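Q: Hi! Could you walk me through a structure today, starting with the space inside?

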Amino acid sequence: MDHILGSCLVLIIICTFFSCQVEAIPPVDPNFPHFVEIDVSDSFLFTIVKEIHAHFSADNLRTALRRILVRHNMSFENFNFDLSLTALESKLRRLWNSWTSKRSGAHQKNLTKKWAKSVYRLKVSHKTGTPTKRRLEEEVNKEKVKRRQLEKDFVKVNDRLAKCTEENCELERKVIRLSNPVKRKKGSRGRAKGKKDCSKSQKRRRKRQKIESVKETLKDLCGPGLKPCKFYFEDEDGETVTVTLDENGVFDEKELLKVTEDDLDHMIYIMDIHYITDSAYHEIAQRYSKLPRAHAVIRRRHELNETCETFDVGGDYEGVYRSLKSHLISNLSDPSKSHLIEDGKVKIKISGDGTRAGTKKHMINVSYTIIGESTCASERGNYLLAIVQCPETGESIQKALKNLIDEFNSLTSIEVNGKTIEVEKFLGGDLKFLNQVTGIGGFASIFSCLWCKCPKLDRSDVSKDWSMTDVNKGARTVEEITQCSQKAKSSKTRYNCNTPPIFSSIPVHRIIPDTLHLFLRIMDQLVYQLTYFLQTCDNIVRLTPNTNLQNCTNLMRFQTFVKDLGISDWKYEINDSKIQARSFTGPEHRRILANIDLDFLIPNHPKLAQIKSLWANFKVLVGQLNSTLSTVEIDNFQSSVKSWVDLYSRVYLAKDVTPYMHVFAYHVPEVMRMYGNPTFFCQQGLEKLNDLVTKWYFRSTNFGKASLQQIMFKQHRLRLLEEKCKRAPKWKVTCSICKKQDGHNKRTCPSRAF
């Protein structure tokens, strides 16, 4: 009996213990379960097995589980994998054993189809705690969101309350003012307005009423032998108004506003600078009577346009051009430009460049500059000669500008103030434009240099000598280009000469390479080689639109470096399965060159020291283009450039040496020996003029056939009125390069290199 009672007592204790354990287990919340079930296809799991080569180590299993979570947009840190890795390992082993047991290809193919339809459910436990804890954390986050929303509502209500309080105070002041009979007059409209409280329209209406009363008074005075002619009075603003009687007995009132020609010129200059249309100015002039009338401004503008004689290019292309000879004579007739004539000679450079207004309108702008003028490196020193809508090819340019080209080739001297001035002509532009007008083929050809006959594969060999003046060192001449262009295309002695030069009166040694484009294109190559190595480090072979560029850590490091320089709108994008980005501008290239950190960008490059030397030496070489060098300094400069090109060909490939690098090593030093500082021939002013022409086309023309002529007229008006109408700056800007205060800065200084 005692044994039975003892057994019953033990049984009761055990039941009580288990009942307590069951009650301690918290109920399962369906919104916050203990486990997360993930459905994964067997085919995807088998892909993971093949990637880890059936090595089921702990690290490989964790990598496989991480891929499964990323595929389902889940965070890896929120789950505990200790219980899931065993089940996943078992599943992966079963898949691998099933695959290896199938010997024939047909059985394996059937097995693959079966796995594509089957789904494996993987359970992963949460790491963040019990369901109750996660539910409470979620509720706390929701309460925080509600509190922030209440704080925003409180601020809005507080602002509205302050506004209502202010309106209430204003109403109280108004009631007090209106309740005082001394402060207001009798009448339903309240207090009468004073002269200062009247609007412009009310003042004009009261002026018309006074003029009508004056008319009635003059009519009463009219009698036999007495005829009033004029009556003067002052309006509320103190301005004199006259009422006259014409021959027909009709009264006409006019405000005595004396509008001078200077006033009209100032209005025209302001309208051109700030893109104010005629209709907008008409509305402003109607509102403010002191301004000149719109019809007077338009008439004066037509008078200024008539001083600019333009001609239609005719033929198949639209465009206008001006006479170079007449414009040069009028320009040099200015006494302030007499210093540009040295020893009875004046040096001018004609330049051209293609631009685009929109997506389909291709235009070519042709301008000339006077060498030695302080503004020759800015758009103010580039005098627009022609604007033509045509492709940038030699054949199109020759057809569209035939008359201007004939005038330029025949121009040898001009008469200025009774003196004969000899004209020394130069030609400038980027290599694309220069190759087109000289009849030389493109950059991809074997003999692409327009100054010499250097083959493509010999650009990297700096031991050879090439020249633009010495025929024995491969120099070209106008006569040789003309003769070679008549040979058969298969001839080996044709040297890539396609057509005779368009500007045949300019020798080849007076065709000046542009230092701006030289700097930009060489910097493009340095940046390209740098980003190509970063792309190789990221192991980027094939891209899809779904590729995440954030995984390309090396490229993103360069993008971060660029953004830290303040170039916020530059970034990489995937387009047609390629990583692309826009080209850097001149100021951006200068910023990159000054702040490049190769130790941060390519720390593991095997040729890091040589690449650092390339960037540093190029910065020094470009800086030497700022000043005029002596003969010995030019020789040292050329030796340094050749060493730089040789180092570039050894760091990268010999075929990577571009035509601009060849020009930099051989022909730029020759220009420095013959003509001094090459920055006076820089194309920066024409590039800025291209931007202005594009802006004027969209903002100051009607997009019709006369749009190009309107652009030409606008630049002519700005030239005429700039000195007279431009406002003086509040402070004088000191150029940091030449230390002068003549209206330019370091970006427009003619002494700068690029």
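A: Happy to. The largest cavity holds about 60 Å³ of space. A cavity here is a set of points on a 1 Å grid over the protein atoms alone where a 1.4 Å probe fits but cannot get out, and lining residues have an atom within 4 Å of a point. This is a predicted model, where local features need pLDDT of at least 70, side-chain atom pairs count only at pLDDT 80 or more, and totals for chains, interfaces and linings use all residues. Residues are numbered from 1 along each chain as its sequence is written, and side-chain values use heavy atoms, without hydrogens and water.

Q: Which residues line the largest cavity?
A: Among them are Leu427, Val437, Thr438, Phe503 and Ile511. The lining divides into 10 nonpolar residues, 1 polar and no charged.

Q: Switching topic, how many salt bridges are there?
A: The structure holds 27, each a side-chain nitrogen of Lys or Arg within 4 Å of a carboxyl oxygen of Asp or Glu.

Q: What does arginine 300 pair with?
A: Arginine 300 meets glutamate 303 at 3.3 Å, N to O. The two sit 3 residues apart in helix α10 (residues 294–306), so about one helical turn separates them.

Q: Is arginine 300 buried or exposed?
A: Buried, at 12% relative accessibility, while glutamate 303 is partly exposed at 37%. Buried means under 20% relative accessible area, exposed over 50%, and partly exposed in between (1.4 Å probe, protein chains only).

Note on methods: 1 Å grid on protein atoms, 1.4 Å probe; cavity = no way out; pocket = protein on both sides within 12 Å on 5 of 7 lines; lining within 4 Å. Points joined across faces, edges and corners; volume = space filled by probe spheres on them. Nonpolar A, V, L, I, M, F, W, Y, C, P; charged D, E, K, R; others polar. Helix = DSSP H or I, 4+ residues; strand = E, 2+ residues; numbered from the N terminus.
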